[in-house]
Amino acid sequence: MNPLIEINMLESILEIVNTVRQNRGKEKLVAIHNETHLKNDIGFDSLDLAELTVRIEAKYNIDIFENKIVNTIGEIIEILEEGK
Amino acid sequence: MNIFLKDNKKNQIYHWEFLISDINETKSFNPYCYTDDYYAVFKQIIVSLLINEKIVLLDADFSPTEVAHLTGVSELGAFTKPLIENQLQKIQNLDDLIQKLNGSHPQWAITLFTSGTTGIPKKVSHDFSSITRHVKKSSRQKNCTWGFAYHPTHMAGLQVFLQALLNGNTIIRLFGLDTQDICEEIKTCHITHISATPTFYKLLIAIGGQYSSVIRVSSGGEKQNPKLFEDIQSLFPNAKITNIYASTEVGALFASENDIFSVKAAFVDQVKFVENELWVHHSLMGETENNSDEWYPSGDMVEIISNDPIQFRFVNRKNEMINVGGYKVNPHEVEEAIMNIEGISQVRVFAKSNSVLGNIVCCEVMVTRQNITEADIREYLQSKIQEFKIPRIISFVDAISTTRTGKLIRS
């Protein structure tokens, strides 16, 4: 993947992740990377994951959880890239 | 297995011996159970049965305001009272415990709260015979290991708990674990029985694999489709699958091996269908604050497949409850809470379908005060309603969408 596109995507996913975190009264994250785990590193529970899918779908028109379980940021980017 | 409960979330294994000595050392009892600790909930229910006293289960995520509202008391700790001598007879061993638990409990009753249809959760009480109506006790049940996939203070969890307890079975907590850990627990603990919501099975299906130790699987709580049945069967190739219809008000009522239900001969005079809605006779119900009526409309709409004998399929809910991963959210309750915020003039709460939880709660609000933010609304709601009821997507709009008759559109 074009590294620039990937950085852009990481930034926009970080923004969405931070919206979800702030909605639960948690502080913003400064950075995420491909290996960042949604549950273990970001601390998302199923309600957060549900919100995350809706927000990503609103932006990219792709439901990331439609066909499989997604665990890391890298897997989200992969699905979004495939769906383009 | 000599284990009463394995709670991997807490890294704890409780053996029967531990439970029995813990019970024998119990000196006091509080009729209100308000904790998220599985062992503590289970032990409190067991003690209530042994001393034949009523118990009230409260969800650990009810806010203190909700608890005060539901129970009418604000200081639950004040209800702890010391046990009088010989009130709790010494338990000799597991057989003795099971025998005492299976005995009669004339004064005992358990109270739970439903998600409610008119604003606040509704109080429902069951006595021992109505809550154990579907508990099977036989030598065949003796060596079961149960995967526990429900909230311990909810009706379904209580049913699984009693089924396991009254047969002396081991309980393995699955609820609240990561999906990967759930798979591990099923395999390493050789779980034989699982009862869970369709959402639970969907998460396992997404990961795949096969679990040969499981011989019985039951599901309920959400509408099922035949594809899901097939997928569940391939996860558990040796299991018999049962679909159960149950509610907090009625308990477990129907069971079926597919999505078509029939009425057991014993209940034939106690259920009826009024304009395709299931009605249940009050003799089958737990006690609620206002169930003086002879028949209770369940709100569950069915499709009648044959009349003699009667066979039917559940179609949808008559009311507008939003099902978030098996938890019911009443949009009216959420709207009422939001309308209490100063500066909000109108609100519409609705469901949006979601691949993770089935549905998520969303809302549109109209404001009269411009500086009100999404964060303000969330902060306020956090102290008023449970987390899963708080809208995850809040949009500020100039006009609320309504139907032609002026009703709010729900989805």
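Helix H10 of chain B, residues 331-339, lies across S23 and S24 of chain B and runs at about 145° to S23(B). Keep in mind from the start that this is a predicted model.

Those two strands are partners: S23(B) and S24(B), the latter covering residues 358-367, pair in the antiparallel sense over 10 bridges. If you want a spot to look at, find Asn354(B), which stands opposite Gly358(B) in S24(B).

## The sheet they belong to

Which strands make up the sheet, and in what order? It is an open sheet of 3 strands in chain B, ordered S23-S24-S25, and the pairing is mixed. On average, neighbouring strands here are turned by 20° against each other, direction ignored.

## Where chain B meets chain A

S23(B) also turns up in the contact between the chains. That contact takes 17 residues from chain B and 14 residues from chain A. On the chain B side, two elements give two or more residues: helix H8 (198-207) and strand S23 (344-354). H8(B) gives the largest share of that side, with 3 residues.

What sort of residues does chain B bring to this contact? By class, its side has 8 nonpolar, 4 polar and 5 charged residues.

## Two helices that cross

H8(B) has another contact to look at, this one inside chain B. The axes of H7(B), residues 179-188, and H8(B) come within 10 Å and cross at roughly 90°. The two helices are therefore roughly perpendicular to each other.

On the H7(B) side, the contact is made by Thr179(B), Ile182(B) and Cys183(B), while H8(B) brings Leu203(B), Leu204(B) and Ile207(B). Sorted by class, that makes 5 nonpolar residues, 1 polar and no charged ones.

In soluble globular proteins, nonpolar side chains tend to be buried together. In this model, the largest nonpolar core has 54 residues, and the members that touch the most others are Phe42(B), Phe148(B) and Val214(B). H2(B) supplies the largest share of this core, 9 residues.

What does Phe148(B) touch, once its neighbours within four places in sequence are left aside? Its contacts are Val160(B), Ile171(B), Ile172(B), Arg173(B), Leu174(B) and Phe175(B). Apart from this core lies another one, of 43 residues, and among them are Phe65(A), Val70(A), Leu381(B) and Ile385(B).

Now go to strands S1(B) and S2(B), which run antiparallel and are joined by 4 bridges. Lys6(B) stands opposite Ile13(B) in S2(B). The hairpin of S1(B) and S2(B) has 4 residues between the strands, and there Asn11(B) takes a positive phi near 55°.

Is Asn11(B) buried or exposed? With 7 other C-beta atoms within 10 Å, Asn11(B) is exposed; the cut-off for that is 12 or fewer. Its place is in the loop between strand S1 (3-7) and strand S2 (12-15) of chain B.

Most residues other than glycine have a negative phi, and most peptide bonds are trans. Asn52(B) is not a glycine either, and its phi is positive, near 60°. You'll find Asn52(B) in the loop between helix H2 (38-51) and strand S5 (55-57) of chain B. It counts as partly exposed, with 14 C-beta neighbours inside 10 Å.

Pro309(B) sits in the loop between strand S19 (295-307) and strand S20 (310-317) of chain B.

## Chain B as a whole

Stepping back, chain B has 11 helices and 25 strands. Of its 411 residues, 36% count as buried. Taking the contacts in chain B between residues at least 6 apart in sequence, 62% join residues at least 24 apart.

Notes. Residues are numbered from 1 along each chain as its sequence is written. Chains are lettered from A and ligands numbered from 1 in the order in which they are written. This is a predicted model: local features need pLDDT of at least 70, side-chain atom pairs count only at pLDDT 80 or more; totals for chains, interfaces and linings use all residues. Two residues are in contact if their C-beta atoms, placed from the backbone, lie within 7 Å. Ala, Val, Leu, Ile, Met, Phe, Trp, Tyr, Cys and Pro count as nonpolar, Asp, Glu, Lys and Arg as charged, and the others, Gly among them, as polar. Axes are lines fitted to C-alpha atoms, for helices over the stretch in contact, and angles run from 0 to 180 degrees between N-to-C directions. Angles under 35 degrees count as roughly parallel, over 145 as roughly antiparallel, 65 to 115 as roughly perpendicular and the rest as oblique. Two strands pair if DSSP finds at least two bridges between them. A residue is buried if 20 or more other C-beta atoms lie within 10 Å of its own, exposed if 12 or fewer, and partly exposed in between; C-beta atoms are placed from the backbone. A nonpolar core is a set of buried Ala, Val, Leu, Ile, Met, Phe, Trp, Tyr and Cys residues joined through C-beta atoms within 7 Å.
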